[in-house]
Amino acid sequence: MPLSTLPIAPSVLQHQQQQVKLNTIIKFGGTRRVVVNYNYNKIGQKNVKFSVKSLSSGDAGTSSVQFDVPFPGDYYELLDQAKAATQSALKDGIQLMEIEFPTAGLDSVPGDGEGGIEMTGSMQLMREFCDILIIPEKATRTRIFFPEANEVQFARKSVFGGASFKLDYLTKPSFFQDFGFVEAVKMVDRVKEDDELFIVGYPYFNVDEMLVVDELYREAVAATARQMIIFNGELDRIRSGYYPSFFYPKLAALSKTLFPKMETVYYIHNFKGRNGGTLFRCYPGPWKVLRRLGSRYVCVHQQDEMPTLKEVALDILPSASK
């Protein structure tokens with residue numbers, strides 16, 4: 001992967017109080033060429049305080065344990081919440097987990113940021129998340145998958161430089177990558193016996209990436225004691241039918257095969273417009289629909305199962321505004 005100057009990306013957590021500028025030109029094979037221009041002020045910029053009470057998981061209807069789930073005021077708080085939610089899920093023995101949140105700002109929606117910038121932001125935040133979640137003794141037993149082999153090289157030279165985690169990839173560019181073709185990678189051959197945790201970063205640029213994630217789960221996780229986290233995979237594209245089942249039958253099938261096995265442990269999805277709001281979940285709490293009132297958020301609806309984005313946008317939020 002031809003790369004120009006690759007400065008090590010500054011820590012999101014270390015630079016909340018000062019402005020950081022990072023310019024990186026990245027060329028991924030022949031399909032991705034991204035100029036990344038970061039201007040970090042205080043991450044998140046919002047000082048939103050919100051507190052709700054919800055029952056923890058356990059004996060349904062009988063648990064008296066409650067906990068506060070504040071909507072994060074910045075990315076530092078977000079990562080801390082995601083860590084706590086993931087730790088609870090790992091202890092509960094959940095094998096397949098999803099973490100999803102916007103990277104262009106806590107109030108942003110998909111598309112607010114340029115695709116390459118959002119992916120690079122996910123890489124940076126994923127490194128911060130791994131550092132606070134995984135103890136040093138477990139680092140060499142954690143395998144982190146990036147969408148392409150080229151991105152592993154970029155990660156080693158920048159964000160993940162010096163890390164003890166095992167870095168790996170889902171797909172490998174081929175001679176015909178400019179036409180959308182990549183080489184098949186046997187995932188079972190890439191896994192080692194002492195691997196305990198897989199973290200898969202943003203597998204959404206190419207439709208083949210999520211199909212490989214499915215293969216990884218079926219062949220290297222499902223029948224083992226291993227656990228896997230999909231980090232910012234934009235799985236709502238598949239859930240919402242963004243990829244027509246007629247043209248992408250295998251991808252669409254994941255909603256019925258892979259997704260039912262998955263627990264969404266941390267999730268933020270924003271809705272803009274007159275009836276705007278946020279769908280928020282922090283495991284093991286319920287799914288909450290939030291409306292912003294001034295400098296705070298209020299919960300207008302909650303339920304145990306994840307509502308569809310269509311239900312939130314067309315039914316729940318409009319009803320709450322009446």
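Asp112 is partly exposed, with a relative accessible area of 41%; the term covers values between buried (under 20%) and exposed (over 50%), for a 1.4 Å probe and protein chains only. The model is predicted: local features need pLDDT of at least 70, side-chain atom pairs count only at pLDDT 80 or more, and totals for chains, interfaces and linings use all residues. Residues are numbered from 1 along each chain as its sequence is written, and side-chain values use heavy atoms, with hydrogens and water left out.

Asp112 sits in the loop between β5 (96–100) and α2 (115–133). Helices (H or I, at least four residues) and strands (E, at least two) are DSSP runs, numbered from the N terminus. Beyond its neighbours within four places in sequence, Asp112 has contacts (heavy atoms within 4.5 Å) with Ala104, Glu118 and Lys272.

| Side chain | Partner | Distance |
|---|---|---|
| Asp112 | side chain of Lys272 | 3.0 Å |

Buried residues of α5 include Glu209, Met210 and Tyr217.

Zero disulfides are found in the whole structure, a disulfide being a pair of cysteine sulfur atoms within 2.5 Å. Cys282 is buried, at 9% relative accessible area, and Cys299 is partly exposed, at 31%.

Definitions and conventions:
Polar contact = N/O pair within 3.5 Å; in protein donor to acceptor, adjacent residues only side chain to side chain.
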